[in-house]
Amino acid sequence: MKIFHVDASAKRERSNSRALSRQFIENLRREGVDVEVDYLDVTVDTPPHVTEAFAIATYHQEHERTDEMRATLTASDALCKRLLEADALVFAMPMYNWSMPSAFKAFIDSVTRPGITYKNENGNIVGQLNRQKVLFITTRGADLRPGNVFSSMDALTPALRAAFGFIGVSAPRFVDAQPLQFSDQQARNEALKRAHTELADVAADWAASELARVGSVEAETA
Ligand SMILES: Cc1cc2nc3c(=O)[nH]c(=O)nc-3n(C[C@H](O)[C@H](O)[C@H](O)COP(=O)(O)O)c2cc1C
């Protein structure tokens, strides 16, 4: 199973989202899945922000593009290829100011590409990432679960659902670890424990369908 694993926290060793995403990959391996990881740290290899040249080039059809336009789109083309070649996508990020880290927004701007990750078929938008399993692991300082004072402030989950829904991701899984900062130690420990349990559940689900898929391919070729 080829996984495109993307981390987006500004923190490194101290980052909870990075630790949780590593844990998830480990869980999958422990479940017996043969995992191949394509890794991207968007805080190190940050996709370029949208420029005027990109905004023009992306909406030209492939056959209309100049060499300069093609060069402008090269990095974005490569990122789209990595997404489309993966069987599963694991995106880990903290909430920053109620939404996503800007480096991850730059990633979304790079991979939302007409003619590549979505196509217009007779006026209908058809997202191309419809075979990939997708997991978002988010970490939040506050507790935004229903009933809490900040629950109406979650601009992260809807933004991720919309952006990835547009390019074909219809049923993403979310594991939101919260509260991890603006709370006492006991609440933080409980939040991490909940996240670990939820990640183990997602890994078990993914492993069950992947092992069944591999089994049926092997049976066909036997
Ligand atoms: C610049 C910045 C902005 C933040 N904004 C929010 C926020 O709007 N809501 C929230 O709940 N937590 C916020 N936090 C807290 C982080 O989301 C939280 O500490 C998270 O666990 C960090 O994940 P990490 O350990 O992977 O870096 C913010 C943290 C930083 C550094």
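Two residues are in contact when heavy atoms of theirs lie within 4.5 Å. The views below show details of a predicted model.

**View 1. Helix H1 packs against helix H6.**
Two packed helices are described by the angle between their axes and the distance between the axes. For H1 (residues 16-30) and H6 (residues 185-221), the axes come within 9 Å and cross at roughly 35°. The crossing is right-handed. On the H1 side, the residues in contact are Asn16, Leu20, Gln23, Phe24, Asn27 and Leu28. On the H6 side they are Leu192, Ala195, His196, Leu199, Ala200, Val202, Ala203, Trp206 and Ala207. Eleven residues of this contact are nonpolar, four are polar and none is charged.

Ser17 counts as buried because its relative accessibility is 1%, and the cut-off for buried is under 20%. Apart from neighbours within four places in sequence, Ser17 is in contact with Asp7, Ser9, Ala92, Met93, Pro94 and Thr139.

**View 2. Ser15 and its polar contact with Ser17.**
Ser15 sits in the loop between strand E1 (2-7) and H1. With a relative accessibility of 3%, Ser15 also counts as buried. The side chains of Ser15 and Ser17 are joined by a polar contact of 3.3 Å.

**View 3. Residues around the ligand.**
There are 19 residues around the ligand, and those that come nearest are Ser9, Asn16, Ser17, Met95 and Gln181.

**View 4. Ala142 in the loop between strand E6 and helix H5.**
The loop that holds Ala142 runs between strand E6 (133-139) and helix H5 (156-166). At 8% relative accessibility, Ala142 counts as buried. Leaving out neighbours within four places in sequence, Ala142 is in contact with Phe150, Gln178, Pro179 and Phe182. Trp98 is 44 residues from Ala142 in sequence, and their C-alpha atoms are 9.8 Å apart in space.

Conventions:
Residues numbered from 1 in each chain as written. Predicted model: local features only at pLDDT ≥ 70, side-chain atom pairs only at ≥ 80, totals over all residues. Heavy atoms only, no water. Axes fitted to C-alpha atoms, helices over the stretch in contact; angles between N-to-C directions. Helix = DSSP H or I, 4+ residues; strand = E, 2+ residues; numbered from the N terminus. Left-handed = near helix turned anticlockwise from the far one by under 90°. Nonpolar A, V, L, I, M, F, W, Y, C, P; charged D, E, K, R; others polar. Buried < 20%, exposed > 50% of the residue type's maximum accessible area, 1.4 Å probe, protein only. Near = heavy atom within 4 Å. Polar contact = N/O pair within 3.5 Å; in protein donor to acceptor, adjacent residues only side chain to side chain.
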